[in-house]
Amino acid sequence: MTGKNSLEQRVRDGLLFDNYGSLLTERQRAACDMVLLQDLSLAEAAEALGVSRQGVHDLISRARERMEGAEKAFGVVVLTQKLEHIGELLEENKDRLPGDLYTTFKKLLGA
């Protein structure tokens, strides 16, 4: 992947890791942290973990599958993105809403 899709995947990986990283094995978490978050190369992560580059690739692939499966089941990332969008719309239309309605929605959104 290159360009925008690559950036979108990196953002998604970060969101998935933030929400579902605790579901991964210790080695999967470590590999994801190094490669997906710290931007280490597969070779650098492999050296740190004492495995091959292919081993790191496999750890990350399995981790992504597990996190995507969890997201499919729970939808936390999608729900968070929807709530953020609602918050943005609320701010954009603040002047058009009654004050008490605006305040109530802000409280519901936890903002």
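## Leu37 and its surroundings

In this predicted model, Leu37 touches Gly14, Phe17 and Cys32, when residues up to four places away in sequence are not counted. Leu37 belongs to helix α2. The C-alpha atom of Leu37 is separated by 8.3 Å from that of Arg10, although the two residues stand 27 apart along the chain.

With a relative accessible area of 39%, Leu37 is partly exposed, because this value falls between the 20% limit for buried residues and the 50% limit for exposed ones.

## Overall architecture

The protein contains six helices and zero strands. Read from the N terminus on, its elements follow the order α-α-α-α-α-α.

Taken along the principal axes, the C-alpha atoms fill a box of roughly 60 × 30 × 20 Å. The radius of gyration is 19 Å, whereas a compact globule of 111 residues would have a value near 13 Å. Of the contacts between residues at least 6 apart in sequence, 50% join residues at least 24 apart.

## Surface and burial

The accessible surface of the protein amounts to about 7,600 Å², and carbon and sulfur atoms account for 54% of this area. Buried residues represent 26% of the 111 residues.

## The largest pocket

The largest pocket holds about 250 Å³ of space. Helices α1 (3–20), α2 (26–37) and α4 (53–74) are the elements that each give two or more residues to its lining.

In total, 12 residues line the largest pocket, and those nearest its centre are Gln9, Asp13, Val35, Leu36 and Arg64.

Methods. Residues numbered from 1 in each chain as written. Predicted model: local features only at pLDDT ≥ 70, side-chain atom pairs only at ≥ 80, totals over all residues. Heavy atoms only, no water. 1 Å grid on protein atoms, 1.4 Å probe; cavity = no way out; pocket = protein on both sides within 12 Å on 5 of 7 lines; lining within 4 Å. Points joined across faces, edges and corners; volume = space filled by probe spheres on them. Helix = DSSP H or I, 4+ residues; strand = E, 2+ residues; numbered from the N terminus. Buried < 20%, exposed > 50% of the residue type's maximum accessible area, 1.4 Å probe, protein only. Contact = heavy atoms within 4.5 Å. Rg over C-alpha atoms; globule rule 2.2 N^0.38 Å. Areas by Shrake-Rupley, 256 points an atom, 1.4 Å probe, with all protein chains shown as cover.
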